[in-house]
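Colleague: I would like to go through a structure with you, step by step. Could you show it first?

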Amino acid sequence: MKKNSILLSAYFLLILLVFPQSAYAMHIAEGFLPVKWAGLWVIVTAPFLVVGLRSIRGSIKEKPDLKMLLGLVGAFAFILSALKIPSLTGSCSHPTGVGLGAVLFGPAAMSVLGCIVLIFQALFLAHGGITTLGANTFSMAVVGPFVAYGVYKALQKMSAPHWLSVFLAAALGDLLTYVTTSLQLALAFPDAVGGVAASFVKFAGVFAITQIPLAISEGLLTVLVFNLLVSYSRQELYDLSVLKKEV
Amino acid sequence: MDESVKNLAQKNLVLALLVVILAVAPMVMHRSAEFGGADGEAEKVITEVSPDYASWFGSFWEPPSGEIETLLFALQAALGSGFIGYYFGFARGRKKQQEKA
């Protein structure tokens, strides 16, 4: 069992190395942020990665059995961010898949996994970019998971049903990722007349509107996997305190 | 037990169908649209807002053709799904064992 999970983690890493995801919509393209902004986003994002690494190490050390599940949430983000889906605006975009992991392992852990996905994608598929890695990690792997986690916790506090909390967490995390991308671009490229606000409206028109149906799809797919986990991986969900044991 | 598995399959089938509908509807509604990437659209907006901006860094490597890109894609999705399939196959078998014990 233990050997299996090590083998599987190695396999998964190998997939990431050999077949990085290709994603045609969302990330800020290589070289498309001025140096000053590119640097700023690296600085803003870095602490989340440090905290994330610690958080992953902590959960694995405490419960080594959770490695498989960590692989699963990574694989989920990996597949979902590779699905370029047509949207109502007549262009395509893709979900991010980070909401599931954020609900299970906490948001910081997903900052690390999201960043890994983005690095390989930038290196091998000319998507996003190394120079824009900080900005893209911030939107997809910091804002996305933290929004998802916040929404999930808030709804659980209001004792909303699990499926609804998971759905809204994933969908809103997805949507806010793209709103963040729009804002990052607007800050770097303010409109000559209307300034940042006018520019934001333009970029949001491209990114956020396209994303609305996809955010819904991501919510639905996340609930689908969550349902399977509730059925088949109950113990792990108890271990992560996502589910409470009914006495 | 059997009842709950059936229930789950039904629920998830509905969810999957909804996702398919959400993906197909745009293509039916906008028959003439190009369905290019939104990131390309964003680059257009950048050029519109700041006509003087030039990208200052290029990609290290790009897939040589659309076919090769598609190949990487198909392999990637297949392997990713393979992992997820393995996970749930394993989890399901484990659950059955526990129920027997």
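Colleague: What should I know about the model before we start?

Modeller: This is a predicted model, in which local features need pLDDT of at least 70 and side-chain atom pairs count only at pLDDT 80 or more, while totals for chains, interfaces and linings use all residues. Residues are numbered from 1 along each chain as its sequence is written, chains are lettered from A and ligands numbered from 1 in the order in which they are written, and side-chain values use heavy atoms, with hydrogens and water left out.

Colleague: How many helices and strands are there in chain A?

Modeller: Chain A has 9 helices and 2 strands. Here helices (H or I, at least four residues) and strands (E, at least two) are DSSP runs, numbered from the N terminus. Along the sequence, the pattern of chain A is α-α-α-β-β-α-α-α-α-α-α.

Colleague: And what share of chain A counts as buried?

Modeller: Of its 247 residues, 62% count as buried. Buried means under 20% relative accessible area, exposed over 50%, and partly exposed in between (1.4 Å probe, protein chains only).

Colleague: Take Ser111(A). Is it buried or exposed?

Modeller: Ser111(A) is buried, because its relative accessible area is 0%. The residue sits in helix α5 (residues 107-125) of chain A.

Colleague: Which residues does Ser111(A) touch?

Modeller: Leaving out residues up to four places away in sequence, Ser111(A) touches Phe48(A), Leu49(A), Thr137(A), Ala141(A), Val142(A) and Phe146(A). Contact means heavy atoms within 4.5 Å.

Colleague: Now the rings. How many aromatic pairs are there over all chains?

Modeller: The count is 7 aromatic pairs over all chains. Rings of Phe, Tyr and Trp (its six-membered ring) pair if their centres lie within 6.5 Å; planes under 30 degrees apart count as stacked, over 60 as edge-to-face and the rest as tilted.

Colleague: Why is the pair of Trp41(A) and Phe138(A) tilted?

Modeller: Their planes stand at 35°, with the ring centres 4.9 Å apart, so the pair is tilted. The pair links distant parts of the chain: Trp41(A) belongs to helix α2 (residues 35-62) of chain A and Phe138(A) to helix α6 (residues 133-157) of chain A, 97 residues apart. Trp41(A) counts as buried at 10% relative accessibility, and Phe138(A) does at 15%.

Colleague: What about Tyr87(B) and Phe88(B)?

Modeller: Tyr87(B) and Phe88(B) form an edge-to-face pair, with 5.2 Å centre to centre and 85° between the planes. Tyr87(B) counts as buried at 1% relative accessibility, as does Phe88(B) at 10%. Elsewhere, ring pairs link Phe32(A), Phe189(A) and Tyr53(B) into a cluster.

Colleague: On to the interface. How many residues of chain B are in contact with chain A?

Modeller: In chain B, 58 residues are in contact with 69 residues of chain A. The two chains bury about 5800 Å² between them, 73% of it on carbon and sulfur atoms. Buried area is the accessible area (1.4 Å probe) that two parts lose on being put together, summed over both. In chain B, Gln76(B), Phe83(B) and Tyr87(B) lose the most area to chain A, together 12% of what that side buries.

Colleague: How many salt bridges does the rule find across the interface?

Modeller: The rule finds 2 salt bridges across the interface of chain B and chain A, each a side-chain nitrogen of Lys or Arg within 4 Å of a carboxyl oxygen of Asp or Glu. Glu48(B) and Lys202(A) meet in a salt bridge through their side chains, at 3.3 Å, N to O.
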